[in-house]
Amino acid sequence: MTIMVVFTVYFLIPIWWLLVAATKERGDLTTTNALWFSDLNLVENLAATTGYGGGVLPRWLLNSVLYAGGGALLGTLLAGMCGYALAKYRFPGRELVFNVVLGGVLVPATALALPLFLLFSQVNATNTFWSVFLPSIVSPFGVYLTRIFAASAVPEELLEAARLDGSGEVRTFFTVAVRLMFPALVTVFLFQFVAIWNNFFLPLIMLRDERLFPVTLGLYTWNTQVNQVPELRLYVLTGALLSIVPLIVVFLLLQRFWRGGLGTGALK
Amino acid sequence: MRTTTRAAGVALLALTAVTACSSGSGDTGAAASGAAAACEPAGEPVTLTFTSWIPGIEDVVALWNEDNPDIQVEVQTGPNGNGGTYQNFFNQLEAGNAPDLGQVEYDALPNFRVQDGLVDLSACDDVVAAQDEFVDWTWQQVQLGEDDAVYAIPQDAGPMALFYRADLFEQYGIEVPTTWEEFATAAEQVRATGGYITNFSQADVNQFAGLVWQAGGSWFGNDGDQWTVDLTSEESEKVAAYWDDLIERDLVSTYPGWTTEWDNAYNTGEVWTWNSAVWGANSIMTGAPDTAGAWRVAPSPQWEDGGESAGNWGGSTTVVFQGTEHVYEAAQFALWLNTSEEALTALIEAANLYPATTEGAALPALAEGVEFYGGQPIYDVFAEASTQVSPDFVWGPTMTQVYNDVSDGFSTAISGDQTLPEALAEAEESTVAALEAQAIPVAS
Amino acid sequence: MTTAVVPGRRRAPRVTHKRAIAVFVAPFATLFTLFYLVPIGYAVYQSTLVVEREGTFGPPTQVFGGLAQYAQVMQSSAFWDSVLRVLLFGIVQVPVMLGLALLFALLLDSPLVRGRRFFRLAFFVPYAVPGVIAAIMWGFLYSPNLSPFRPVTQSVDLLSADLVLWAIANVVTWVFVGYNMLIIYSSLLAIPAEVYEAARLDGASQVRIAWSIKIPLVMPAIILTAIFSIIGTLQLLAEPQVFRTFSSAVTSTFTPNLLVYSTASVPNVPLAAAFSVVLALATFVLSFTFLKVTQRKAFQ
């Protein structure tokens, strides 16, 4: 228990610092105690941050929600279907597909960026929502996890029973397997959501229109302009705080699915 | 089995696309090289795209769009040049979808030229006619050593001068240095009071280049047949040895620039001076708010008593990228943006730019005394400095790499494992190698 | 629809449910091909090119150069130094991080800890912080003059050449412990309760149960997190890149990926592609070896 409390402090102090920093005036940032509030300025900071550049930050947050929410949802579905098929059907090339997918994880993002950009340029699709959204929904990790999970959590007998009831394969997947695989799917969703939310390298290369930026790229852009407009330093911190909040909300909402029993209960 | 076949089909299709793409970009590269592009009006309404990272640029462009319904400009923003926008420009040039216009700093122009990314605007009469409006050295910078070519329209400049804490110098009875020799002496006196005379930031290699520039050196040369790399020229060595000595004796601080730590060092009065560009005025104002009224600006210390030379740090241009179909309109916009009183006033207000035109530098917005600097009309000092910047400094075609390598070497030097001149010698070697890797002819 | 119930079909060693397999696999396979395989293929192709031009400002043309770029890679001491640096980083940081993650997962799964939800959230929150922002925050906490922990940071310069690697390791650990903890924890949850019943009846202690039942059962999850950590270590980019702005000890070639990034911005795309290919191969060899060594334990 003591260990847990000590590490809670370790994990939360930087977040606490961010929260405190976001409530301060710019001058107080360096001159007052970094871990305690001085003059509360949070409302002004929030207003200034969300209003800067014609109020573009709320739009970035919305974009991020769309990229990450939509991308994670679709990505989880596709990965779940693929992982399920790899776990539950035998077909030639099955291991090959699986290994190739796993191999995809090994390639550094920096290597894929330029070829992806050229590819999208071919179809005139750079600087669009899709140029960021589509590549984001591919989750090799999701395929790995759902395959492993489906292999143990979805019993053959249940599938056979569904087949005997006359249920088609696809319907069986959505009615029986998805329910059993739910903990794994939630895991994949969560990790994919965070991965897309945090990714700024792909948007950096694909997007030119500020209105399409996700919040990480937007904040990064501000951070590079700090030399010219120093007030941006504070806006970056306040914006960072704002960008963490939705993730915490998502995690809280999904938290109940982590409870044991959902996957195991279905096995009984 | 069917899936495998289908997957193979998709792969094949995509592969064809990639091959087509790579050969396609090769073609445009070959076709675009050569003489200045034609400069004819399209005779119909056009829409141009313009990528820039100047804060508030949208509002400035809106002024143009209002008055020019036939030449509409769409602004796209991004991180600053080395923060990713240059990389994007290179990718877009390769893919053939670069914007019509872009912001490029002086030091990156040769890099874009060597990738065949810039349109020579010398066929546009208005552009050629505008030469006299610009401060001489800025125009030299956009010609890239070719007498008749114009590869960009200068936007702003960064002539350097010495920001100093007048109050501290007075309090401790130390003379404000006018030569680098006096500067070193003053550095000892300042150190004796517990402070540092200035900060040496290893990452700001272009500031160091500005110091070499002031000393009359140049890091590169280009005679049309081959490049010369001279990071270890006499002047460059002299400047490096000078700062190496100050660092060695702990007479200057070595905070990485642009960090809160660095702001703090100025805000608390630990560091007394900054030999910086004109745009630095704003950096101090916002980074060290507690020191309002205490700063003044003097000409940079000189290498020779009574000397009159200044360095330059930073500054951008507006370029027209290869692949545009509207050279004429793009040039018109670039000229308006960088010469008209309306645009320059807006740029000064939005982003504290210091215009590259003679008239722009004399605009009312830059003539007044600045309260933060005790009411001193500081821009007069910079206007003077701007006339003293040598037109002979040449940037190399791989400056990102040069900055990285020099900065890496300086880091090692600051931690005490080598000297600044040694770092320059190493960077010179790696720069030659980088040029050779790009098949750029270089004298060895 | 009826194929499954026809007797005799099931005995045949043929592929059944072809259509279902296609429906399940094709969407992912298509996108994976388009957004992973094709770009990888293109990167490999790029790595075989060399640039040619005439004159100081001659337009560049890219021609086939065989393995010329790979010869450059082999000779690049900066590249191999950076690989060794991240290996050293990984050998220390990955076991520490996973040890902590396993410990926390076991504690969360044991009856010893109350307030599980709170701890789960508290430990996972750092993962919600983008790497770039996390590095900026820690940079501030490390700062000798501005840190709230000045007594520590003024006596030990965490941003100096000797320590900065471990300062970065701390940031990575901070961000990813919770993530790895959740992977291990979720696999602990998947263990049916009956498995423990016998042990509990025998009066085995929690530590004993954890050591001899739980850990072996979650070994695959641990190996999974280890492999992802190894890959992540070799691909370090965002954190060192941010650290460059406030520590003079982090060079532009500090990690392999940072080197790829700075090479690509020259822009020397073919060489950057060759670095990436070698890096991917090295990653593959490392994670594959690790998998082989641990496989017997994991997937018996």
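# A guided tour of chains A, B and C

In this predicted model, begin by selecting B:Pro154, whose bridge partner in β10(B) is B:Thr317. β4(B) and strand β10 (residues 316–320) of chain B run antiparallel, and two bridges join them.

Next, display the whole sheet to which these strands belong. It is an open sheet of five strands in chain B, with the order β2-β1-β3-β10-β4 and mixed pairing. Colour β2 (71–76) and β4 (153–154) of chain B separately: each has a single partner strand and stands at an edge, so one side of each is left without a neighbour in the sheet. Strands of a sheet pair through backbone hydrogen bonds, either parallel or antiparallel.

Select residues 38–157 together with 315–366 for domain 1 of chain B, then 161–313 together with 390–437 for domain 2. The centres of the two domains, taken over C-alpha atoms, are separated by 29 Å. Where they meet, domain 1 of chain B contributes 16 residues and domain 2 of chain B contributes 15 residues. On the side of domain 1 that touches domain 2, pick out α4 (109–114) and α6 (136–143) of chain B, each of which supplies at least two residues. α4(B) gives the most to that side, with four residues. By class, the side of domain 1 of chain B that touches domain 2 of chain B comprises eight nonpolar, six polar and two charged residues.

**From chain B to chain A**

Show chains A and B together. Their contact involves 31 residues from chain B and 27 residues from chain A. On the chain B side, highlight α1 (2–32), α3 (85–95), α11 (260–267) and α12 (280–287), the elements that give two or more residues to it. Colouring this side of chain B by residue class gives 11 nonpolar, 17 polar and three charged residues.

**One helix pair across A and C**

Finish by selecting helix α3 (residues 42–88) of chain A and helix α1 (residues 18–46) of chain C. How far apart are their axes, and at what angle do they pack? The axes are 8 Å apart, and the packing angle is about 125°. α3(A) and α1(C) are therefore oblique to each other, and their crossing is left-handed.

Show side chains at this crossing. From α3(A), select A:Leu78, A:Ala79, A:Met81, A:Cys82, A:Tyr84 and A:Ala85; these meet C:Ile21, C:Phe24, C:Val25, C:Pro27, C:Phe28 and C:Leu31 in α1(C). The residues of this contact of α3(A) with α1(C) divide into 12 nonpolar, no polar and no charged.

How values were computed:
Residues are numbered from 1 along each chain as its sequence is written. Chains are lettered from A and ligands numbered from 1 in the order in which they are written. This is a predicted model: local features need pLDDT of at least 70, side-chain atom pairs count only at pLDDT 80 or more; totals for chains, interfaces and linings use all residues. Two strands pair if DSSP finds at least two bridges between them. Axes are lines fitted to C-alpha atoms, for helices over the stretch in contact, and angles run from 0 to 180 degrees between N-to-C directions. Angles under 35 degrees count as roughly parallel, over 145 as roughly antiparallel, 65 to 115 as roughly perpendicular and the rest as oblique. A crossing is left-handed if the near helix is turned anticlockwise from the far one by less than a right angle, and right-handed if clockwise. Two residues are in contact if their C-beta atoms, placed from the backbone, lie within 7 Å. Ala, Val, Leu, Ile, Met, Phe, Trp, Tyr, Cys and Pro count as nonpolar, Asp, Glu, Lys and Arg as charged, and the others, Gly among them, as polar. Domain bounds come from an automatic or database domain assignment.
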